[in-house]
Amino acid sequence: MTPQSVPYPHLLNPLDLGFTTLPNRVLMGSMHTGLEDGRKHFPAMAAFFAERARGGVGLMVTGGFAPNIAGWTKPFAGMLASSGAARRHREVTDAVHAEGGRIALQILHTGRYGYHPFCVAPSRIQSPISPFTPRELSARGIERQIRAFVRCALLAREAGYDGVEIMGSEGYLINQFLATHTNQRRDDWGGSYENRMRLPVEIVRRVREAVGPDFILIYRLSMIDLIPDGSSWPEAVALAKAVTQAGATILNTGIGWHEARVPTIATSVPRGAFASVTQTMRRALRDAGLTIPLVASNRINTPEVAEQVLADGCADLVSLARPLLADPEFVRKAAAGRPQAINTCIACNQACLDHAFKAQLATCLVNPRAARETVLVQRPARQRRRVAVVGAGPAGLAAACTLAERGHAVDLFDSAAEIGGQFNLARRVPGKEEFSETLRYFGQRLQSAGVVLHLNTRATAGLLVAGDYDRVLLATGVTPRDPKIPGQDLPHVLSYLDVLLQRKPVGDKVAVIGAGGIGFDVAEFLVTPPGASPTMHLSEWRAEWGVADPAEVRGGVVPPRPAAPARQVVLLQRKTGKLGKGLGKTTGWIHRAALQMKQVEMIGGVNYERITPQGLFVTHGEKRLDGQLIECDTVVLCAGQVPLRELLEPLRASGVATDLIGGADEANELDAKRAIDQGTRIALALE
Ligand code: NAP
Ligand code: SF4
């Protein structure tokens, strides 16, 4: 390839750090997968990072390891505080180096975010996201924390790491010292900003002194706190200068404290939404004559976006975390000029962050092998079999591709004109456009694996029996549940399919029956004016969530200014309690807040008595009291789904080996994570 034809020239440009050269500008950001929290997971962690090193990432950062017990994320969480522990890390660093990669260990002290009774903080102020009140550190206690950071960095070096990242953002201990919100000390560690920033500067200075000059030291600096009394811009710049002078090699960008009420990485956040913050910091440092490389972060999920961020001079490197869970070969595919083959992270959080916050091992919705590399191994088939897969939704697509890649002959049938199944609903929801990327990925994967695709083809039992297949996988999905409400046949009653797929006209006042994932999606669709999806317009998204330029407003937050809703919507469920309780752990609050901003009325504990031309008549509670007519022009049914599996019996009766996968197997609480995982596993297991 000639230099001119190198794809993504900025992204793939090596970076000379003086004592070592990174092969490209991709830094794999730290992610807590749960593999850190137990020595039994170390072989899996080694395989996880080795696969990503093989995929060509320039530099990787591990999930957070506490430097001492006080810094644990939760009881017995990953910690590096002894030579014994360092020896165990050798398995990881050796595996990465054998693939030619580089890896840094993240030192994470959670401070008052620690989910355990030994947590500490600058002041005795409980965080809104932990039930534990921290102990206030004495001056000697602070010195002990600094020594713990230094010891951890030395042990990381002993363990073979190429560097460390000091976690100074996201509202963890170091951030807690910086902000007056959490630091109300009157000694040398509180009060003036100079005092409040002493902790990070001391840590960086003493770590650098201990590890020597030829060890990568990344400092993750909160550039926009997104809390009302977070750091001011001059404070953030002063800190950046001070840690650079104290010996940091690279500055990474931290966006928002965990307790911030602004989404920072969810799918509805526009791509590259925060790159300009790093750009402003980079300019300030360059103006001061400091050339330290800066890393831009958050919602950079394609090589195109990454290249643009770098070409625009926003940063010297880009941090990709979840995108490398989704596709360990991201860099290699980009370098080979095959971006369309990348399995793009859709920022759903469903299998990564949601798992981490539920203390489960993380993985990835679109890549079930992530953090399961030693378990889900794709081997060539022993014998080529003829397999029919019916249904090209997430389960069927995952199964068909995996089977064909293993060497089986696969026919994939779908009655629709396009692949995607339920993903074709999701991608039409404002703020969920990323779901289209998964269909692009599967589309090209089907083609390169040689799956024979039969669209617009309703596979009948007769067709499948005549096909003489060795195996049939029914991924026929789901059909809307009939809620059997009197009056539901009236013309102003629509199903979610009518609204999202058929785009049938909907009135100005709407009642949505059912507040599961689809009820919430439909409500979002109905209140958003056409062409005004939150991911499409950065300035509108910022206004909607109250995000400001941190160089102008302390903490980068202002009161939200949401646009007027396109319609008046009432969202209902029969259960009592908060609506949307079953939504994602880390994204449910965003969906709820988005609808509240659009003045959606949410009512639980109702009985649907009847639908009339005037609207929906409901009563409340078990005794069916307080009858109420919810006046509306349209009622939309989102009452869940039931499996669609009419082919099962005739096929089994004809002696055809048949399995159900995805929604056809289990519609209750069906989601794409389970569907793709099940489709992949059954395809890996077929002999
Ligand atoms: P769902 O999450 O199971 O919700 C079904 C809703 O219908 C519930 O609110 C339920 O609440 C109501 N319902 C159930 N039976 C009813 C009946 N007979 N009459 C009236 N209402 C009834 O199903 P979904 O919304 O169709 O979503 C399907 C799956 O897709 C979900 O499991 C979800 O994981 C996934 N999904 C997730 C998201 C997301 O996380 N953002 C978005 C879309 C889809 P009551 O029983 O209390 O009335
Ligand atoms: Fe991205 Fe969703 Fe996978 Fe997490 S689970 S890495 S957010 S696609």
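Beyond the residues up to four places away in sequence, W72 touches A66, A77, M79, T110, G114, H116 and F118. The structure described here is a predicted model. W72 lies in the loop that joins β4 (59–65) to α2 (83–98), and its relative accessibility of 7% places it among the buried residues, because the cut-off for that class is under 20%. The separation between W72 and V96 is 24 residues in sequence, whereas their C-alpha atoms are 25 Å apart in space.

With neighbours within four places in sequence set aside, R135 is in contact with C119, V120 and A121. For the pair R135 and C119, 16 residues apart along the chain, the C-alpha atoms are separated by 6.4 Å.

The charged residue R185 was examined next. R185 is located in the loop between α4 (173–178) and α5 (193–196) and has a relative accessible area of 7%, so it is classed as buried. A polar atom of the R185 side chain lies 2.6 Å from the backbone oxygen of L137. The contacts of R185, apart from neighbours within four places in sequence, are P122, S123, E136, L137, S138, A139, I142, F177, G190 and G191.

Excluding neighbours within four places in sequence, E235 is in contact with Y193, R196 and R554.

D508, in contrast, is exposed, with a relative accessibility of 56%. D508 occupies the loop between α17 (496–500) and β19 (509–513). When residues up to four places away in sequence are not counted, D508 touches R567, Q568 and D633. The C-alpha atoms of D508 and Q568 are separated by 6.1 Å, although the two residues are 60 places apart along the chain.

Backbone geometry was considered at two further loop positions. Most residues other than glycine have a negative phi. At N349, phi is near 65 degrees, a positive value in a residue other than glycine. N349 is found in the loop between α11 (330–335) and α12 (353–357) and is buried, with a relative accessible area of 3%. D468 also has a positive phi, near 55 degrees, and is a residue other than glycine. D468 lies in the loop between α16 (461–466) and β16 (471–474). With a relative accessible area of 59%, D468 is exposed, whereas N349 is buried.

Attention then turned to the nonpolar cores. In soluble globular proteins, nonpolar side chains tend to be buried together. The largest nonpolar core in the model has 160 residues, of which Y219, F274, M281 and W545 touch the most other members. For W545, the residues touched, not counting those up to four places away in sequence, are R261, V262, P263, P560, W589, I590, A593, A594 and M597. Another core, of 25 residues, lies apart from the largest one; V429, V499, V510 and L526 are among its members.

A nitrogen atom of ligand 1 lies 3.0 Å from a polar side-chain atom of R481. A polar backbone atom of I518 is 2.9 Å from an oxygen atom of ligand 1, and a backbone N or O atom of G517 lies 3.2 Å from an oxygen atom of the ligand. Ligand 1 exposes 880 Å² when taken alone, and the protein buries 80% of that.

Terms used. Residues numbered from 1 in each chain as written. Chains lettered and ligands numbered in written order. Predicted model: local features only at pLDDT ≥ 70, side-chain atom pairs only at ≥ 80, totals over all residues. Heavy atoms only, no water. Helix = DSSP H or I, 4+ residues; strand = E, 2+ residues; numbered from the N terminus. Buried < 20%, exposed > 50% of the residue type's maximum accessible area, 1.4 Å probe, protein only. Core = buried A, V, L, I, M, F, W, Y, C linked by side-chain atoms within 4.5 Å. Contact = heavy atoms within 4.5 Å. Polar contact = N/O pair within 3.5 Å; in protein donor to acceptor, adjacent residues only side chain to side chain. Areas by Shrake-Rupley, 256 points an atom, 1.4 Å probe, with all protein chains shown as cover.
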